[in-house]
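Open the model in a viewer and keep the selection panel at hand.

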Amino acid sequence: VMRPVNDRSEFNKLLGDIRVLHSKQQPRHILVAGGAGFLGSHLCERLLKLGHSIVCVDNFSTGLERNIHHLRSYNRFSVIRHDVVDPIDIEVDEIYNLACPASPPHYQADPVHTMKTSVFGALNLLELAARTGARIFQASTSEVYGDPLVHPQVENYWGNVNPFGPRSCYDEGKRSAETLFYDFHQRYDVEIKIARIFNTYGPHMRPDDGRVVSNFIVQALKGQDITIYGDGSQTRSFCFVDDLIEGFQQLMATDPSFIGPVNLGNPGEFTILELAEQVIKLTGSRSKTICKPLPTDDPRQRRPDISLAQERLGWQPLVPLSTGLEKTICYFDRLLTEEAHEWVG
Ligand code: NAD
Ligand code: UDP
């Protein structure tokens with residue numbers, strides 16, 4: 001029955017339903033590079049549920065078998081242990097490039113390999129896209145804005161990045177990858193989609209990931225001191241993983257003329273001290289906060305302007321920080337309990 005659509009949220013819901021229907025009707029062969037990682041494993045699960053066939057390509061440097069174990073029962077799911085620094089040649093209709101360590105201690109452990117992963121990884125996957133005609137998604141980052149002088153960050157801000165420091169391998173690697181995406185689109189008509197992802201958290205993060213949300217939750221659950229770097233007045237905006245994956249889908253479903261880059265993140269901005277207080281409250285922990293030195297070039301503030309995503313994708317995050325934190329705390333609580341039992345057993 002045809003009837004007028006009255007409000008924007010109803011329109012967006014209808015649009016979402018049509019997209020799901022569309023993707024259900026056309027199962028595709030999709031390569032997810034970095035599919036065993038935090039975000040990649042959620043993406044693989046989502047795409048499998050939509051009926052697609054997934055090849056997860058991962059070198060398992062920060063990714064975990066545990067993240068994808070539950071997907072092994074799908075015969076449409078396969079895993080190739082491979083480093084994207086080397087070329088790969090398989091027949092696919094779509095590519096998501098998420099392969100890259102995302103946590104500062106992990107990406108700084110082997111900075112040369114991080115840079116190679118971003119640049120050669122993007123190059124190899126773009127060449128595959130050019131050969132197969134696959135649409136390709138790039139997981140870019142808010143780090144392209146560096147320590148931003150414009151707040152909140154809009155996509156046409158060029159950023160304030162140090163090219164010569166401990167964060168540079170990641171920030172400049174991701175910036176170079178964006179350039180390669182742009183060039184392959186201009187020169188070879190490759191269909192590209194670039195998402196600039198802001199701090200995202202949720203289940204499937206490693207307990208030793210090193211990023212702030214997992215660190216604070218694990219410390220609170222173990223009754224250890226909560227490590228605030230600097231005075232904790234720096235800010236971040238935290239997006240729950242389910243919201244982000246929804247944004248990936250909506251971006252990938254846009255018209256070929258829309259290539260981004262587009263910010264995906266939650267505009268709710270919190271100081272690191274406020275985050276610590278929330279985690280202590282929600283876990284009921286007796287942990288105390290302690291101050292540690294602020295890492296070099298740590299950005300002072302970060303908040304996405306998501307007007308473009310709202311306008312072009314009809315997307316915005318729906319999960320408030322407290323709800324997302326509760327779900328993540330449940331995940332880590334179960335994980336730590338299981339690990340303790342394995343230890344005793
Ligand atoms: P993660 O470290 O959990 O996942 C990265 C995955 O890529 C892991 O499975 C790892 O083993 C794999 N990988 C790393 N180097 C590889 C290589 N050379 N070859 C093949 N596989 C490789 O990180 P994440 O949080 O899931 O991030 C996924 C992507 O999203 C990354 O590209 C990251 O830069 C980007 N991103 C994430 C966030 C966030 O807040 N989570 C923010 C901005 C951008
Ligand atoms: N941070 C902190 N304690 C920790 C881990 C991180 O205070 O145990 C701070 C870090 O200095 C930064 C913010 O939290 O200001 C976010 O850090 P994260 O590594 O999660 O992400 P990024 O700096 O890449 O945004």
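Which element gives the largest share of the shell around ligand 1? Helix 2 does, with 3 residues. Bear in mind throughout that the model is predicted.

**Ligand 1.** Select ligand 1 and the residues around it, 28 in number. Gly-34, Gly-37, Phe-38, Thr-62 and Gly-63 come nearest. Now colour helix 2 (38-49), helix 5 (111-132) and strand 5 (135-141), the elements that give two or more residues to this shell. By residue class, the shell around ligand 1 has 14 nonpolar, 12 polar and 2 charged members.

Next select residues 31-328, which an unreviewed UniProt entry lists as "domain: NAD(P)-binding". Helix makes up 39% of the chain over this range and strand 17%.

**The core.** Go to Val-32 and Ile-95, which touch the most other members of the largest nonpolar core, a set of 83 residues. Centre on Val-32 and show its contacts beyond four places in sequence: Gly-40, Leu-43, Cys-44, Ile-54, Cys-56, Tyr-96 and Leu-98.

**Ligand 2.** Finish at ligand 2, which 14 residues surround. The closest are Arg-211, Val-212, Asn-215, Thr-227 and Tyr-229. Two elements to highlight here are helix 7 (212-222) and strand 8 (226-229), which give two or more residues to the shell. Strand 8 has the largest share, 3 residues. The shell around ligand 2 divides into 6 nonpolar, 5 polar and 3 charged residues.

Technical notes
Residues are numbered from 1 along each chain as its sequence is written. Chains are lettered from A and ligands numbered from 1 in the order in which they are written. This is a predicted model: local features need pLDDT of at least 70, side-chain atom pairs count only at pLDDT 80 or more; totals for chains, interfaces and linings use all residues. A residue is near a molecule or strand if its C-beta atom, placed from the backbone, lies within 6 Å of it. Helices (H or I, at least four residues) and strands (E, at least two) are DSSP runs, numbered from the N terminus. Ala, Val, Leu, Ile, Met, Phe, Trp, Tyr, Cys and Pro count as nonpolar, Asp, Glu, Lys and Arg as charged, and the others, Gly among them, as polar. UniProt positions are given in the numbering used here, feature names are shortened, and annotations may be inferred rather than shown by experiment. A nonpolar core is a set of buried Ala, Val, Leu, Ile, Met, Phe, Trp, Tyr and Cys residues joined through C-beta atoms within 7 Å. A residue is buried if 20 or more other C-beta atoms lie within 10 Å of its own, exposed if 12 or fewer, and partly exposed in between; C-beta atoms are placed from the backbone. Two residues are in contact if their C-beta atoms, placed from the backbone, lie within 7 Å.
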